[in-house]
Every structure is written in structure tokens, then in C-alpha cells.
Amino acid sequence: MIVINFKNYKAGKNALQLAKKTQKYLPRAIICASALDIEMIVDKTKLSVFAQHADSQEGNRATGYNILKSLKEAGAKGTLINHSEHRISFDMIKKTLREAKKFKLKIIVCESNFNEVKKIARLKPYAIAFEDPRLVGSGKSITKYRTRDVEKFADLLKGKDIIALCGAGINSADDVREAYKLGCNGVLIASAIANSKKPEILLREIKRIER
């Protein structure tokens, strides 16, 4: 599984162009787009579109929040939460997962701590993405710089109905291939595609090895 986080490198027409290129080479990929672009990309492609973050709606809170109900209505199939650039508490992760079930939204929870991974796994999210904040956007792949930890993470989820992803510094088809070898079901990739002037090069290379 390939999950591509557009971050805010791509928005509006640029986000749609990248989504169409992604669809050409990796039609089964999940893309994580800005909440502002979800409805447009859903309308113009057949990709599975996730939000980059979602907020649990406690009480009547809504203004300025990415509430799950609105994301669902925009056409999102799910959302990332707890990315290293937008951390939330474990209690909020739990509330968001519980609320997401009401709207049948899939949640990918990002985490870098093994103890937290174990706690989150008990909540049965759609996927957990193991990442190292120090490597995010660095071009230094977590598969090379934390090889044993990635393997340990994949082992923690073995036998559970949770997709194991790894992310941070993924920048080549070899990194994706290595993630599979280490036991992961896929990768979470961002800068190497979303910030590239020619993303189709890497998209094409990943297509050759995608499961």
C-alpha cells in the first residue's frame, strides 16, 4: 500500500495535477490532501482520498476544526492523525477513532514510540504508520536508518487486522521495496513526491514493485 501525503506542498490546481499523475501510475494509492482540496480531488479522480488531520467534535465545537462529519461529506474515505507535524494526545486519538467509526471513516495513526504503538493497536485503527520525526523530509529513509526498529514495529502488528506502514525519508523505490522486506504492508511518503518537480519519475518506479 502506498499512502502519499501532499502536506501543503500541493494545493488547489497543483494538488489536482499531482493527484491525476498519482492515479495514472498508482491508482490504488491513498492520497492525503488538504481539507480544502478533498472534494475537488474526489470529484475529478477515482483515488481514495484521506484528510491530513481530523478533529473529534466535542460538544458543539466546529469553527476552525476539521470535523469528521464534514470530511465524510466532502468525500474523504479516512484521515491521518497524530502525524509528527500535528501531534495529539492519546485520549484525543481514542476519541477520534471512536467518532470515526460512526461515519465509517478509516484512520491511519502515526506514531514513533513502541509503547504507544501497542496502546493504539488495541484501539484497532485501519493502519498505524511508524515514523521518526527526525527523518521526516530529510531524504534519509527510516528503512535504512532505523531498520531494526521498522522490523520490530512490523512484528508488533503481525497477526492483527491493522495495516503496518512506515514513513519518514522514504525517497526511492528501493526504500519501498525494503519496507516490504522488513514486514510492512506499505509506506507513507510525502516530500519525495509532493515536493518533486517531476513526481512521475518516482511514481513510475514504485509502480514496478507495488503489490
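Predicted model: local features only at pLDDT ≥ 70, side-chain atom pairs only at ≥ 80, totals over all residues.
How many residues of strand β7 are buried? I looked at strand β7 (residues 163-167) and found 5 of its 5 residues buried, so by the cut-off used (under 20% relative accessible area is buried, over 50% exposed, in between partly exposed; 1.4 Å probe, protein chains only) the strand is mostly covered. I took strands as DSSP runs of E with at least two residues and helices as runs of H or I with at least four, numbered from the N terminus.

Residues are numbered from 1 along each chain as its sequence is written, and side-chain values use heavy atoms, with hydrogens and water left out.

Strand β7. I checked both faces: Ile163, Leu165 and Gly167 are buried on one side, and Ala164 and Cys166 are buried on the other. I then looked up its partners, counting two strands as paired if DSSP finds at least two bridges between them. Strand β6 (residues 127-131) pairs with β7 in the parallel sense over 5 bridges, and Ile128 stands opposite Ala164. Strand β8 (residues 186-189) runs parallel to β7 and is joined to it by 3 bridges, with Gly167 opposite Leu188.

Salt bridges. I counted a side-chain nitrogen of Lys or Arg within 4 Å of a carboxyl oxygen of Asp or Glu. The count comes to 11 salt bridges.

I looked at Lys21 and Glu200, whose side chains meet at 3.5 Å, N to O. Lys21 lies in helix α1 (residues 13-25) and Glu200 in helix α10, so this pair ties together parts 179 residues apart in sequence. Lys21 is partly exposed at 32% relative accessible area.

I looked next at Lys144 and Asp175, with their closest N and O atoms 3.7 Å apart. Lys144 is in helix α6 (residues 142-145) and Asp175 in helix α8 (residues 173-181), so the pair ties together parts 31 residues apart in sequence. Lys144 is exposed at 56% relative accessibility, whereas Asp175 is buried at 0%.

Arg134 and Asp132 meet at 3.0 Å, N to O. I recorded Arg134 as exposed at 68% relative accessibility and Asp132 as buried at 3%.

Helix α10. I noted that Arg204 lies in helix α10 (residues 199-209). Arg204 is partly exposed, at 32% relative accessibility.
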